[in-house]
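Work through the exercises below with the sequence and the model in view. Try each task before reading its solution.

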Amino acid sequence: WGLIPEEIQGRYQDNITREEFAILMDEVCNDYSGGKGSFIFWDNYNSTDGVDPFTDTTSVEVRRMYCAGIMNGIGDGKFGPDQPVTREMAATIICNFGNFIGKPLPAGNVNFSDSASVSDWAVDSVGRVQAAGIMSGMGNNLFAPKEYYTREQSIITALKLYNYARQGSSYTGGNTGSTSGNTQTRRKRAAPGPRRPRCPKRNRW
């Protein structure tokens with residue numbers, strides 16, 4: 001079971017980039033569906049008429065996450081592939097993933113002492129990832145929404161998101177363990193499906 005892409009294995013304390021996070025979310029889609037061949041949504045979100053939606057990356061994983069409405073650009077036709085992901089961005093992306101697979105995360109209140117520092121556009125998502133047990137605080141009851149997400153944190157979150165996708169509302173979070181020593185590699189990616197109409201732009205991360 002190769003949920004952890006090769007691109008983010010090692011250097012687990014590094015901040016994860018937006019493109020790396022897209023690759024990780026793409027792999028969660030892959031594993032959740034049992035392989036892209038059985039991913040019933042895939043053909044609808046696999047193509048932009050052969051046109052990359054961003055000028056600063058040609059990543060097929062980024063294209064798929066954009067077309068699925070899971071991630072969006074940073075403006076001016078750019079994705080910002082090398083920019084880091086903040087914790088509140090990660091929460092929003094995770095909620096978009098749940099919506100995409102038809103298993104929205106349960107609503108919840110943001111109960112951190114730094115709740116006021118969460119951006120307005122991320123408040124609902126932060127409450128949901130907390131309620132679902134997919135993301136928690138950083139200690140001292142802080143969520144630290146503007147702090148960057150590390151590779152290790154992203155991998156643990158992806159494992160929890162995968163379990164949530166499989167179990168739905170019955171998932172209550174839990175300890176996924178450490179990433180140290182994990183050598184699982186990603187399976188070979190399947191060829192893209194047939195082309196579909198260009199995806200509309202979405203105001204999502």
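Predicted model: local features only at pLDDT ≥ 70, side-chain atom pairs only at ≥ 80, totals over all residues.

Residues are numbered from 1 along each chain as its sequence is written, and side-chain values use heavy atoms, with hydrogens and water left out.

**Exercise 1. The whole chain**

Task: State which secondary structure elements the chain has and what percentage of its residues count as buried.

Solution: 
Step 1. Helices (H or I, at least four residues) and strands (E, at least two) are DSSP runs, numbered from the N terminus. The chain has five helices and zero strands, in the order α-α-α-α-α from the N terminus on.
Step 2. Buried means under 20% relative accessible area, exposed over 50% and partly exposed in between, with a 1.4 Å probe and protein chains only. Of the chain's 205 residues, 50% count as buried.
Step 3. Contact means heavy atoms within 4.5 Å. Taking contacts between residues at least 6 apart in sequence, 75% join residues at least 24 apart.

**Exercise 2. Helices H1 and H2**

Task: Describe how the axes of H1 and H2 cross and which residues meet.

Solution: 
Step 1. Axes are lines fitted to C-alpha atoms, for helices over the stretch in contact, and angles run from 0 to 180 degrees between N-to-C directions. H1 spans residues 18-32 and H2 residues 60-67; their axes come within 8 Å and cross at roughly 70°.
Step 2. Angles under 35 degrees count as roughly parallel, over 145 as roughly antiparallel, 65 to 115 as roughly perpendicular and the rest as oblique. H1 and H2 are therefore roughly perpendicular to each other.
Step 3. On the H1 side, Glu19, Ala22, Ile23, Met25, Asp26 and Cys29 take part, and they meet Glu61, Val62, Arg64 and Met65 in H2.
Step 4. Seven of the eight residues of H2 are buried, so H2 is largely enclosed by the rest of the structure. The buried residues of H2 pack against H1. Just after H2, Gly69 has a positive phi of about 80°.

**Exercise 3. The core**

Task: Find which residues have the most contacts inside the largest nonpolar core.

Solution: 
Step 1. A nonpolar core is a set of buried Ala, Val, Leu, Ile, Met, Phe, Trp, Tyr and Cys residues joined through side-chain atoms within 4.5 Å.
Step 2. The largest has 49 residues, and Met25, Ile70 and Met135 have the most contacts inside it.
Step 3. Two or more residues each come from H1, H2, H3 (87-100), H4 (123-132) and H5 (151-167). H3 gives the largest share, eight residues.

**Exercise 4. The rings**

Task: Classify the pairs that Phe54 forms with Tyr66 and with Phe79.

Solution: 
Step 1. Rings of Phe, Tyr and Trp (its six-membered ring) pair if their centres lie within 6.5 Å; planes under 30 degrees apart count as stacked, over 60 as edge-to-face and the rest as tilted. The whole structure has three aromatic pairs.
Step 2. Phe54 and Tyr66 have ring centres 5.1 Å apart and planes at 75°, so this pair is edge-to-face. Phe54 lies in the loop between H1 and H2 and Tyr66 in H2, so the pair ties together parts 12 residues apart in sequence.
Step 3. Phe54 and Phe79 are 5.2 Å apart centre to centre with 50° between the planes, a tilted pair. Phe79 lies in the loop between H2 and H3, 25 residues from Phe54.
Step 4. Relative accessible area is 7% for Phe54 and 3% for Tyr66. Phe54, Tyr66 and Phe79 form one aromatic cluster.
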